[in-house]
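I opened the model today to look up a few points. These are my notes, in the order I took them.

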Amino acid sequence: MTGPYLHVLGLETRKLMSYRADFWLHTVVAFAVQMAIAFFLWRAIFDATGEGSIGGFAFDGMVAYYVLALLIGRLVRGKEREITIARDIYEGALSRYLLFPASYGGMKYAEHLGALAPAALQVVVLGGLAAVAVPAPAGFEISPATVAMATVVVAFANLLAFLLRFPIQAVAFWADNVWSLNVMLRFVTEFLGGLLLPLSLFPEVAQKAMAWLPFQYFFYFPVAVLIGKVDPEAWLRGLGVMALWCCLLGLLGAWVWRRGIRTYAGVGI
Amino acid sequence: MTSTPLIEARGLSKTFWVHRKDAGLWGSVRSLVVRRKDAKEAVRDVSFRVDEGELVGLVGANGAGKTTVLKMLAGIVHPTGGDVRVLGKIPWHRDDALRSRMSLVMGQKQQLWWDLPAADGFLLLKEIYRVPEARYRETLGHLVELLQVEEELGVQLRRLSLGERMKMELIAALLHSPRVVYLDEPTLGLDLGAQRAIREFVLDYRRRFQPAMVVTSHYMEDIERLCERILILRQGQLVYDGPRRDVVERFARSKILTAHVRHPPGDGARVSLSQLGEVRVDGDTIRLEVPRERVTSAAAALMEICDVVDLSIEEEPLGHIIERLQRARRGEAGGDSGDGGGP
């Protein structure tokens with residue numbers, strides 16, 4: 001039963017790897033720019049305030065946080081910039097998938113997973129370089145146990161990222177341009193997920209509220225688990241919240257799909 | 001006909017809702033607040049059946065509803081009303097057992113993966129349709145040989161010519177040996193050689209597998225060579241369902257001669273031309289519509305009157321024939337159409 005899906009997964013991986021220039025440019029340049037911004041911004045903030053620690057992070061810890069959040073984010077989000085589902089709908093390519101004796105959601109999830117291997121390769125290369133360049137800061141307790149716990153979180157979060165994207169992009173059944181919606185989703189995810197700022201900088205109340213939202217599980221939570229700041233109980237609670245969101249978003253996606261497909265006109269064919 | 005039809009449509013209807021926006025900046029601003037929705041009846045009360053081994057032509061002018069009918073038969077679009085059974089199942093329920101025995105080829109939209117060589121696309125389809133290895137090799141070998149595309153199998157799809165791509169699309173659609181095949185404009189934009197190759201291929205598939213096939217085409221030649229029976233749609237309604245021969249012989253009364261001439265015809269030449277048929281002159285191009293039985297003599301006369309550089313003879317456009325058919329049906333009572341009446 002998994003035959004076609006595994007095949008799609010493999011194809012997607014090969015396709016991403018075959019765009020070599022894009023693969024390395026995006027990898028290196030995007031990462032370098034984001035890191036440079038974080039580095040100089042926090043250098044200025046630490047210098048201006050004269051504080052030794054902000055939100056529980058010293059300066060080197062803060063830089064290391066961004067390295068980890070950016071890299072883990074790549075594993076979690078996959079091809080987040082692309083709106084393939086929305087494009088399939090309004091360009092009519094969905095018709096092809098509707099003809100296949102296979103599940104559309106399954107094929108798209110396989111594509112999503114196909115982006116994982118190239119992302120992992122990027123993470124290994126960049127993570128290796130970063131480990132050499134930035135020594136592990138004090139207070140980071142990375143052990144085989146935290147790596148294993150963080151891996152489980154990343155796997156869950158990868159599914160969650162797909163399930164969150166699906167209903168939003170399926171809005172293309174009714175609206176012509178989902179691109180702006182996708183940009184908004186990305187911005188909200190990055191802000192409330194802890195990619196722009198570690199969530200420990202937010203007020204206590206906001207942090208409590210955000211623990212119930214799906215976003216922090218994309219960046220902040222897996223990093224916190226990896227560096228040993230989350231105890232097993234909180235880890236389990238986090239997994240529980242993620243499972244809940246997966247169910248909710250899965251149901252929402254199925255509902256939107258069932259309604260949308262009735263209005264689909266297969267334009268473009 | 002005692003056999004169960006492979007395709008059966010009863011009272012099939014589809015209404016689309018289209019958003020309207022007035023032209024200009026003000027129209028755009030207004031549409032941000034109020035959106036006007038208009039109903040467009042694309043298909044109205046269409047009924048027909050297609051049996052095993054039948055190859056039926058679905059014809060009509062642009063916007064007549066041909067593609068919408070095919071999309072509903074293929075389960076891509078949900079109808080607003082009516083019922084369809086394909087191999088005994090409702091297509092828009094998208095049952096896997098049905099989908100693995102059905103195929104749709106769209107001449108205007110490629111279905112294979114743009115970035116992949118056709119060979120990779122075929123392998124993926126083999127997995128999707130769960131075609132056993134031995135049968136896959138045999139079918140692919142046969143199809144590739146028939147369409148002579150061995151050389152192009154390893155080339156990325158977007159680097160192939162339109163004709164080669166269409167051939168690949170056909171192979172892709174038939175790899176799983178479907179029992180029901182829909183072909184939407186399979187020869188659109190192709191040169192004559194490729195059109196012929198595709199037609200022969202379709203006929204070969206029909207001989208070997210006896211599927212139920214529905215084909216739409218703007219080219220009369222496709223319909224003439226492929227279909228014994230045709231369905232004519234006009235503004236979403238079925239106005240004719242019967243033998244193709246009857247339509248062409250009864251309703252296609254003229255042919256069109258298009259000639260490029262060295263010098264535009266003078267007044268005297270124009271008068272002589274107008275005696276041959278309906279003439280239109282546009283610079284050095286002459287378009288002459290003449291009765292079918294007089295096409296040879298008219299061509300000879302045309303070449304005598306003008307210094308012809310290039311001459312082509314075409315069938316009267318399908319739209320004209322359809323128009324005439326409608327007029328004839330309104331005038332004459334009866335006809336051989338079984339169904340398809342108005343609302």
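Which residues of helix α11 (residues 295-305) of chain B are buried? I found A298(B), L302(B) and I305(B) buried there. I then looked down the axis of α11(B): the buried residues fall within an arc of 70°, so they line one face of the helix. An α-helix has 3.6 residues a turn, so residues three or four places apart point the same way. I checked the other side of α11(B) too, where T296(B), S297(B), A300(B) and E304(B) are exposed. Next I asked what covers the buried residues of α11(B). The cover includes the strands β10 (254-261), β12 (285-291) and β13 (308-315) of chain B, along with the helix α10 (267-274).

I noted that this is a predicted model.

**Chain B as a whole**

I counted 12 helices and 13 strands in chain B. Its C-alpha trace spans about 70 × 55 × 55 Å along the principal axes. Of its 343 residues, 40% count as buried. I also looked at contacts in chain B with a separation of 6 or more: residues 24 or more positions apart account for 74% of them.

**Positive phi in chain B**

Phi of D45(B) is near 50°, a positive value in a residue other than glycine. D45(B) lies in strand β2 (residues 36-50) of chain B. Is D45(B) buried or partly exposed? I get 19 C-beta neighbours inside 10 Å, so D45(B) counts as partly exposed. The cut-off for buried is 20 or more.

E185(B) likewise is not glycine, and its phi is near 50°, a positive value. I placed E185(B) in the loop between β6 (180-184) and α7 (192-209) of chain B. E185(B) is buried, because 23 other C-beta atoms lie within 10 Å.

**Helix packing in chain A**

I moved to chain A. Two packed helices are described by the angle between their axes and the distance between the axes. Helix α2 (residues 20-49) and helix α3 (residues 59-77) of chain A pack at an angle of about 155°, with axes 10 Å apart. Angles over 145 degrees count as roughly antiparallel, so α2(A) is roughly antiparallel to α3(A). α2(A) passes α3(A) in a right-handed crossing. From α2(A), I listed F31(A), Q34(A), M35(A), A38(A), F39(A), W42(A) and F46(A). They meet F59(A), M62(A), V63(A), Y66(A), V67(A) and L70(A) of α3(A). I sorted the residues of this contact into 12 nonpolar, one polar and no charged.

How does α3(A) sit against helix α7 (residues 116-133) of chain A, and at what angle do their axes cross? The axes come within 8 Å and cross at roughly 165°. That makes α3(A) roughly antiparallel to α7(A). This crossing of α3(A) and α7(A) is left-handed. α3(A) brings V67(A), L71(A), R74(A) and L75(A) to the contact. Among the residues from α7(A) are L116(A), A119(A), V123(A), L126(A) and A130(A). The residues of the contact divide into nine nonpolar, two polar and one charged.

**Where the chains touch**

Last, I looked at the two chains together. I found 20 residues of chain A in contact with 24 residues of chain B. α1 (3-18) and α5 (94-99) of chain A each supply at least two residues of the side that touches chain B. α1(A) gives the most, with six residues. The chain A side divides into 11 nonpolar, six polar and three charged residues.

Conventions
Residues numbered from 1 in each chain as written. Chains lettered and ligands numbered in written order. Predicted model: local features only at pLDDT ≥ 70, side-chain atom pairs only at ≥ 80, totals over all residues. Axes fitted to C-alpha atoms, helices over the stretch in contact; angles between N-to-C directions. Helix = DSSP H or I, 4+ residues; strand = E, 2+ residues; numbered from the N terminus. Parallel < 35°, antiparallel > 145°, perpendicular 65-115°, else oblique. Left-handed = near helix turned anticlockwise from the far one by under 90°. Contact = placed C-beta atoms within 7 Å. Nonpolar A, V, L, I, M, F, W, Y, C, P; charged D, E, K, R; others polar. Buried ≥ 20, exposed ≤ 12 C-beta atoms within 10 Å, placed from the backbone. Arc of directions from axis to C-beta.
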